[in-house]
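Let's take a walk through this protein together. Have the sequence and the model open side by side as you read.

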Amino acid sequence: MGSLQLEDFVAGWIGGAASVIVGHPLDTVKTRLQAGQGYGNTLNCILTVYRNESVLGFFKGMSFPLASIAVYSSVTFGVFSNTQRFISQQRYGDSNHAPALSDLIVASMVAGVVSVGIGGPVDLIKIRLQMQTQPFIKANINLRHRATGFPAYRGPIHCVSSILRQEGLAGIYRGAGAMLLRDVPGYCLYFIPYTFLCGWITPEGCISPSPSSVWIAGGIAGAISWGTATPMDVVKSRLQADGVYLNKYKGVIDCISQSYHSEGLKVFVRGITVNAVRGFPMSAAMFLGYELSRKALRGDQAETNP
């Protein structure tokens, strides 16, 4: 069991790195749309970022998630896989027994809770770095006496030290409540569709799914998960971006209330298109990297389910 745990974590690390490289440009667009001002729709946002910041603007803040999301994915996939196997061992006496829907729900929820502990600070720093060159209302800027477009942070390390100095340890976990409300159901709608789609697409008699099956199942699962997670993702992005130049929200409920009163219900589906579109290649790359790595690490004896 020990070696299997290690292989799942290593495979998750490789899958996470692959997903960051594929998805970060659209993640930047998604964050700007949800927490920024003056971008309008997705296409206008892409054109604005490109015109003002060139291609490099889409990769702003990527170094930190590339280093850390790999660890985050490693833990998430490792926790999910091993929780699922532990449940199968306890319920059926065989860790490789095909999991029931209830088993997948429990394993997904455990992975979601654990992921917030690691992913909260990672997401916060990524969003702060993505948002710091974005336009803010003059009245808000005056609160911190900073000029428009002047970077608040010099890089990930400076960002962490600034947040700890100004907001304390609690500042690192800003938006964690919204992230829990996003990720616990979000991972259920991530791992469960993937597991069932993989089983459905894979021909009978095959020990493991083909790369194309993994790509399709992983992509669809990602689009479903990210699309449905958008409302809480908007709240999380706003809470985490809050603090670059000002502190506007007191918490999750206050953020929901202020966002609704100023922009209506439509604000909670802002970025849903880019979330679902970005969710497909990111998750496809994640699951493909995970499954292929795990297969290589285990000497070609992979299972259908993660």
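Which helix gives the most to the nonpolar patch? Helix H1 (residues 2–35) does, with four residues. The patch covers about 510 Å² of surface and is made by Leu6, Val10, Trp13, Ile14, Val71 and Leu297. Patch members have over 30% relative accessible area and no salt bridge, and nonpolar side chains (Val, Leu, Ile, Met, Phe, Trp, Tyr) are joined within 5 Å; a salt bridge is a side-chain nitrogen of Lys or Arg within 4 Å of a carboxyl oxygen of Asp or Glu. Areas come from the Shrake-Rupley method with a 1.4 Å probe, and for residues only the protein chains shown count as cover.

A word on the model: it is predicted, local features need pLDDT of at least 70, side-chain atom pairs count only at pLDDT 80 or more, and totals for chains, interfaces and linings use all residues. Residues are numbered from 1 along each chain as its sequence is written, and side-chain values use heavy atoms, leaving out hydrogens and water.

Stepping back, the protein has ten helices and zero strands, with helices (H or I, at least four residues) and strands (E, at least two) taken as DSSP runs numbered from the N terminus. Of its 306 residues, 55% count as buried, meaning under 20% relative accessible area, with exposed over 50% and partly exposed in between. Trp13, found in helix H1, is partly exposed at 44%.

Now turn to helix H6 (residues 156–172). The buried residues of H6, including His158 and Ile163, pack against helix H4 (101–131).

Methods:
Buried < 20%, exposed > 50% of the residue type's maximum accessible area, 1.4 Å probe, protein only. Contact = heavy atoms within 4.5 Å. Patch = residues over 30% accessible without salt bridge, like charges linked within 9 Å, V, L, I, M, F, W, Y side chains within 5 Å.
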